[in-house]
Amino acid sequence: MTERDEYFLIRAEKVERLREQGIDPFPARYGRTHTIAAARALLARWSERGRPARERSVSVTGRVTGVRNMGRVAFLDLRDGTGSMQAQFRRDVMGGDFELLKSLDLGDFLGVRGRLIHTRTGEPTVEARSATMLGKALRPPPEKWHGLQDVQQRLRQREADLISNDEVRERFVLRSKLVAAIRRFMDGRDYLEVETPILLNVAAGANARPFVTQHNALSRTLYLRIATELHLKRCIIGGLDRVYEIGRIFRNEGLDTTHNPEFTSMESYEAYADYNDIMSLVETLVSSVATELLGTTELEYGGEVIDVKAPWRRLDLREAILRYAEIDIDAHRDAASLAEQMRAMGVVVTQEDSWGRLVDKLLGDKVEPNLVQPTFLVDYPVEMTPLAKRKPGRDGYVERFEGYVAGMEVCNAFTELNDPIEQRRRFEEQEALRLEHALEDFDRLDEDFLTAVEYGMPPTGGLGVGIDRLAMLFSGQSTVREVVLFPHLSLSQDEVFRAVDLAIRDILRGSSGESGDALARMVRVSLSEEVNSRITDGELLRRIEIAGR
RNA sequence: GGGCCGUUAGCUCAGUCGGCAGAGCACCGGACUUUUAAUCCGGGUGUCCAGGGUUCGAGCCCCUGACGGCCCA
């Protein structure tokens with residue numbers, strides 16, 4: 001896409017023309033009296049009560065989304081965040097401002113002052129007496145009938161997606177309402193919303209790889225949080241009996257249709273509660289939020305009707321694996337034995353997989369796809385869960401559950417471990433497992449957290465909910481990037497070429513007649529791994545040749 | 001990981017047998033005082049995803065690669 005195409009140049013000329021006429025194309029303010037929704041409501045009321053049309057004066061603002069010009073009269077469609085409405089331009093009514101039409105394009109922001117009327121066809125309309133340019137657009141909007149379809153462009157230029165696709169806009173409004181409803185629900189149950197640090201000395205609280213960053217003044221390596229768990233528990237220890245945090249979590253993993261490296265979670269902790277209390281919290285939360293936002297607990301997702309009404313099914317994890325994979329994990333408590341059973345089932349496993357990871361694979365491959373209607377998978381092996389309390393009377397298991405809807409994990413919760421000695425031992429087990437299974441992610445020992453637990457921690461029920469997953473469910477979307485406004489994407493081809501050309505220019509500046517091949521090697525050394533993997537030798541040589549001329 | 005499909009104008013998309021690159025919207029010029037995707041007349045604005053090959057000639061055929069979509073694992 002060229003930066004200065006025909007559209008840009010023509011519109012830039014109009015900006016200059018307006019300035020020559022003494023009109024600011026980007027004024028600082030405008031005296032709007034009504035939103036479009038308010039103006040429409042007002043007109044409806046006035047018409048009912050028979051208020052004379054000449055008194056019905058308002059000023060409204062919005063983006064110009066359509067122009068029907070008929071010479072001495074023109075109709076414009078105006079849209080603001082509340083709705084859209086037609087404005088009428090008449091030369092005999094407007095005088096000089098009618099000339100603004102010549103400098104007007106689709107996508108511009110406009111203020112219109114005049115009477116509210118119905119036209120001959122009954123369309124609610126602002127009959128403009130004056131019109132004011134509020135913000136000139138230099139790029140044309142996408143095609144008005146089909147909207148923007150190109151997936152890459154929709155995600156890379158979400159604003160264009162939002163401008164042209166109403167259902168996308170509605171989806172993000174829904175997501176925002178979802179978060180607000182969750183917040184109201186938690187507040188209503190006397191949970192205190194808190195904010196805990198994103199930059200940490202130790203990335204603990206989950207099994208995930210962190211992003212690493214640098215604090216210059218302290219000259220210290222910091223990690224972006226992979227969970228909010230440990231700090232929220234420290235709040236509980238401090239006597240804040242019910243706390244929650246809605247915030248961004250960062251995990252340094254691959255990105256695909258269901259994973260964005262940053263995502264939003266809601267974690268909550270409640271003193272004196274256990275995981276049974278949290279199960280009822282979750283099913284009540286989800287069903288009441290669904291009723292509030294959608295008017296029903298029945299969600300349509302992937303061609304199925306899913307009823308999130310409480311109570312949700314409880315399914316013991318070991319029994320679930322027994323039912324769907326026909327393997328008894330209690331009969332195969334070591335990795336070699338379990339791996340052998342799984343291979344016989346056709347599940348891909350490796351020599352390096354830990355026992356916990358094998359169970360995780362079984363869940364992902366055999367169990368999760370069956371959990372379409374809301375289900376709590378209950379009681380997890382201790383190996384997989386260093387922060388949960390052991391289940392009394394059941395060796396090797398902890399009080400943990402995960403909630404599944406439509407085959408997706410939507411939450412994870414425990415009766416929290418509050419014994420500091422056992423907690424230290426469990427962290428140490430994680431560290432040992434890391435040494436044994438270098439390719440897997442395990443939790444890390446956090447001394448500050450252990451110190452906190454040593455001050456005494458009440459029995460506690462904790463919860464983590466994936467907000468993005470819930471947004472997917474509520475909006476019927478199968479990919480996370482359709483519910484994240486600005487998802488991370490791999491570089492576009494344009495961006496790759498731009499990075500390559502920049503590197504070539506740098507290398508050529510310091511070069512002294514090396515061969516093309518030698519230059520290509522130098523360029524490759526300076527390029528990032530991602531760019532290198534995206535550029536072929538032929539393409540690189542061709543670009544060096546072009547740059548050299 | 002495997003298979004199939006796709007990438008062409010600002011946007012949405014056609015492109016037959018390998019022979020001058022097309023339509024609608026948008027845009028530019030003109031007409032029009034009641035339109036609703038306004039209408040009518042005139043104008044086609046292009047790195048056909050990238051690189052290489054075959055050919056007198058490639059959007060189309062062949063190879064390699066990138067990205068995306070769908071299906072399967």
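The axes of helix 15 (residues 493-509) and helix 16 (residues 516-526) come within 9 Å and cross at roughly 125°; axes here are lines fitted to C-alpha atoms, for helices over the stretch in contact, with angles running from 0 to 180 degrees between N-to-C directions, and helices are DSSP runs (H or I, at least four residues) numbered from the N terminus. Helix 15 and helix 16 are therefore oblique to each other, given that angles under 35 degrees count as roughly parallel, over 145 as roughly antiparallel, 65 to 115 as roughly perpendicular and the rest as oblique. On the side of helix 15 the contact (heavy atoms within 4.5 Å) is made by Ala503, Ile504, Ile507 and Leu508, and on the side of helix 16 by Leu519, Met522, Val523 and Ser526. By class, these residues divide into seven nonpolar, one polar and no charged, where Ala, Val, Leu, Ile, Met, Phe, Trp, Tyr, Cys and Pro count as nonpolar, Asp, Glu, Lys and Arg as charged, and the others, Gly among them, as polar.

This is a predicted model, in which local features need pLDDT of at least 70 and side-chain atom pairs count only at pLDDT 80 or more, while totals for chains, interfaces and linings use all residues. Residues are numbered from 1 along each chain as its sequence is written, chains are lettered from A and ligands numbered from 1 in the order in which they are written, and side-chain values use heavy atoms, with hydrogens and water left out.

Helix 10 (residues 335-345) and helix 11 (residues 355-367) have axes that come within 9 Å and cross at roughly 25°, which makes helix 10 roughly parallel to helix 11. Among the residues making this contact are Leu338 and Met342 of helix 10 and Trp355 and Leu362 of helix 11, and the contact has nine nonpolar, no polar and two charged residues.

Glu440 lies in the loop between helix 12 (420-436) and helix 13 (447-454). At 9% relative accessibility, Glu440 counts as buried (under 20% relative accessible area, with exposed over 50% and partly exposed in between, for a 1.4 Å probe and protein chains only). Leaving aside neighbours within four places in sequence, Glu440 is in contact with Glu352, Asp353, Ser354 and Arg357.

Note on methods. Helices (H or I, at least four residues) and strands (E, at least two) are DSSP runs, numbered from the N terminus.
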